[in-house]
Amino acid sequence: MLSDFPGAGIRGRANRKVTMKKEYIVGAEKSLGEIIKDIDLIPFFRSAVESGIPCVMLEDSRGDVLCHWGNPSGEGMITLRKPVYLEGEAAGYVVVRGDEPSRSRIEAAAELILNAVNTILRSSFKSVLATETHMAVVDQSYNELLETNRRLQLSEGRYRDLADTLEKQVHERTEELRQALATLLHQEKIASVGQLAAGVAHEINNPLGFIVSNLNTLNQYVSRFRDMLVLYRSAFENGEFTDENRALTRRKWGDYKLDFILPDAADLIRESLDGAERVRKIVADLKDFSHIDDGDRAGVDINREIDRTLNVLTHEIPGDAEIIRDYRPLPEFTCSPAHICQAFFNIILNALQTGKEGLKLIITTRYEKDFIRISFSDNGPGIPEEITNRIFEPFFTTKEVGKGTGMGLKVTYDIITSYGGTIEVKSVPGSGAAFGILLPVAKKENNVIREAV
Amino acid sequence: MIEYDGIDNRMVLKLVYYGPALSGKTTNLLRLHDMVEQEGRGELTVLDTKDDRTIFFDLLPFFLTAPGGLKIKLKVFTVPGQVKHDATRKAVLQRADGVAFIADSQVSEETNNFESFRNLEDNLGFVGLDIEKIPLVVQFNKRDLGNIVAEDDIRRVWEQTGIPVFMSSAITGTGVMETFRELVKQTYDHIDRRYGLMEKHGLDKTAFVGKLTLPSP
């Protein structure tokens with residue numbers, strides 16, 4: 001009998017809803033077939049059939065058979081239906097069939113099977129709910145992760161764009177700054193040239209003034225000489241010098257104060273020549289300082305370049321100031337002479353402009369271990385400690401607005417470092433500042449000298 | 001709403017008991033289960049608890065049939081209150097039709113109540129529900145304990161929100177039915193506006209509330 005009805009249970013259309021659903025909603029309605037599996041029931045049903053119950057089935061609320069065992073179509077059999085409750089509602093039926101004579105046994109068996117089905121159903125129901133909650137949570141976490149990932153990608157993209165444009169912007173700003181700095185450095189050069197020009201103009205004006213004045217005086221002297229010569233020439237016209245003429249010329253000689261103006265003229269000429277020589281020297285110093293005739297690079301004597309710089313600053317040196325040149329012989333240093341002079345110029349000018357009475361500026365040069373060491377130390381007011389590390393910054397100035405560009409020492413710094421050198425400042429506020437410069441002397445031609453500012 | 005099936009003429013609603021850990025959400029459902037007439041409800045399914053703490057949820061189903069034949073099933077859930085189960089709370093809260101917030105009256109729990117309520121606001125927003133519109137009642141549980149926040153203070157704070165507040169002691173059953181009844185009333189109004197419970201199905205509020213809260217003899 002059993003072989004006619006192999007035990008494989010028939011699954012109803014129970015899964016129809018679940019497969020349609022993508023979203024797990026906690027509490028979503030379930031049919032009996034979605035919760036209970038035939039494989040869980042078969043052992044019970046088979047045992048029941050083996051113990052003599054002809055047929056056992058589980059139907060869902062639609063009457064679809066979820067699981068059966070035994071022969072459903074016996075002649076004259078009775079059918080017992082017991083409702084199976086799910087969430088309080090009848091979700092299906094346990095159906096037991098048997099012979100009328102053994103009704104009480106069938107009844108007992110139906111009750112037993114119902115209990116078994118309910119027990120299995122309860123535990124399956126919990127398991128399904130837990131699984132679905134778990135799935136809902138997993139779905140939700142996954143969706144949150146996707147969303148987080150999407151947002152991260154979005155923001156990453158934004159940051160990448162930002163980084164790209166940032167780089168471009170940085171380039172643009174850097175270029176702007178570079179140009180601004182170049183402009184300022186140029187202005188600094190113009191400013192120092194202007195300052196130099198003002199001093200030099202004064203220096204040149206002075207001798208020029210007395211040369212012009214002397215020439216005017218000489219001009220008057222010369223007209224008297226001419227008159228005198230004309231008088232003598234007419235007096236000797238006839239070959240003899242009459243007493244009358246002698247008296248005339250003597251009077252004229254006395255009137256023209258020629259006894260005085262003749263030696264004075266010689267003085268005036270000598271003074272004027274001296275003045276002219278001073279102008280010539282100033283111009284020569286300027287030429288030396290500016291190195292107009294020199295090439296971009298030359299081997300220079302640093303001592304001489306410091307002197308040249310001092311020469312053009314003569315007018316800035318107060319009368320009571322003392323410049324002490326403590327030089328030692330130095331090897332040639334290959335550089336742009338104009339640049340190195342500019343570097344010294346800015347340091348020396350700063351010292352001269354401290355306004356200190358009885359200024360003493362000691363300039364020391366030494367050659368030691370492949371380095372030229374130069375120091376400029378003064379007894380001025382010194383540099384306040386809090387700004388010592390800022391004085392080489394561009395735009396940093398302690399001078400009044402408009403008086404300084406804040407570029408002077410920056411230019412010096414750039415020039416010195418462009419030759420691979422270093423510059424540092426030591427200062428004791430109240431007792432002076434000392435700038436120390438170290439310049440590496442090129443061994444042969446192998447050291448690369450960067451283009452100075 | 002979990003489901004509305006116009007062909008089968010069936011509606012499945014979801015109410016959620018929310019609140020901080022150990023505030024008595026499960027106890028509320030246990031009492032409710034005992035108090036309500038057996039015919040109108042199913043069994044309480046307590047799903048996977050550990051050390052008396054709910055880690056998934058509890059489920060208590062109710063049933064009624066409208067005069068017009070609409071079958072209404074109302075599933076009441078609790079959520080796990082512990083902070084770490086936030087994902088489960090979000091999952092349970094999805095498509096809720098009403099929320100009962102169960103607060104713990106003990107003074108020491110004030111911060112937890114506050115955090116949990118804020119969490120409710122956040123999670124309602126997360127699942128696309130509006131705390132201003134969803135039926136909502138608040139229950140201050142454990143009134144039987146000492147060192148609890150005074151009722152006057154609670155009412156003063158909550159009055160301005162317009163949310164109905166109930167004092168309860170779920171362990172003895174006090175306030176449990178009142179809380180549920182108010183939530184069910186609000187839920188009726190909410191559903192009636194959209195689905196015409198009275199107009200289309202002939203189900204009025206009194207019948208709806210009466211059926212769901214019919215006391216067991």
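The model I am examining is predicted.

**Entry 1: chain B overall.** With that cut-off in hand, I looked up how far apart in the chain the contacting residues of chain B stand. Of the contacts in chain B with a separation of 6 or more, 70% are accounted for by residues 24 or more positions apart. I then listed the secondary structure of chain B and found seven helices and ten strands. Chain B has 217 residues, and I noted that 43% of them are buried.

**Entry 2: two helices of chain B.** I next turned to helix packing. Two packed helices are described by the angle between their axes and the distance between the axes. I looked up both values for helix H1 (residues 25-35) of chain B and helix H5 (residues 176-195) of chain B: their axes come within 9 Å and cross at roughly 90°. Angles of 65 to 115 degrees count as roughly perpendicular, and H1(B) and H5(B) are therefore roughly perpendicular to each other. I asked which residues of H1(B) meet H5(B). From H1(B) I recorded Asn28(B), Arg31(B), Leu32(B) and Met35(B), which meet Val176(B), Met177(B) and Phe180(B) of H5(B). Sorted by class, this contact has five nonpolar residues, one polar and one charged.

**Entry 3: the sheet of chain A.** In chain A I traced an open sheet of four strands, with the order S2-S1-S4-S3 and antiparallel pairing. Strand S2 (65-70) and strand S3 (77-86) of chain A are the edge strands, as each pairs on one side only. From one strand to the next, I noted an average twist of 15°. I then examined one pair in detail. Strand S1 (residues 55-60) of chain A pairs with S2(A) in the antiparallel sense, over five bridges. Within this pair I looked up the bridge partner of Cys55(A) and found Gly70(A), in S2(A). I also checked helix H3 (residues 38-50) of chain A, which lies across S1 and S2 of chain A and runs at about 30° to S2(A).

**Entry 4: where the chains meet.** Finally, I counted the residues at the interface: 22 residues of chain B are in contact with 17 residues of chain A. On the chain B side, the elements giving two or more residues are strand S2 (10-18), strand S6 (58-65), strand S7 (71-78) and helix H2 (86-93) of chain B. Which of these elements gives the most to that side? I found that H2(B) does, with five residues. By class, I recorded ten nonpolar, four polar and eight charged residues on the side of chain B that touches chain A.

Conventions
Residues are numbered from 1 along each chain as its sequence is written. Chains are lettered from A and ligands numbered from 1 in the order in which they are written. This is a predicted model: local features need pLDDT of at least 70, side-chain atom pairs count only at pLDDT 80 or more; totals for chains, interfaces and linings use all residues. Two residues are in contact if their C-beta atoms, placed from the backbone, lie within 7 Å. Ala, Val, Leu, Ile, Met, Phe, Trp, Tyr, Cys and Pro count as nonpolar, Asp, Glu, Lys and Arg as charged, and the others, Gly among them, as polar. A residue is buried if 20 or more other C-beta atoms lie within 10 Å of its own, exposed if 12 or fewer, and partly exposed in between; C-beta atoms are placed from the backbone. Two strands pair if DSSP finds at least two bridges between them. Axes are lines fitted to C-alpha atoms, for helices over the stretch in contact, and angles run from 0 to 180 degrees between N-to-C directions. Angles under 35 degrees count as roughly parallel, over 145 as roughly antiparallel, 65 to 115 as roughly perpendicular and the rest as oblique.
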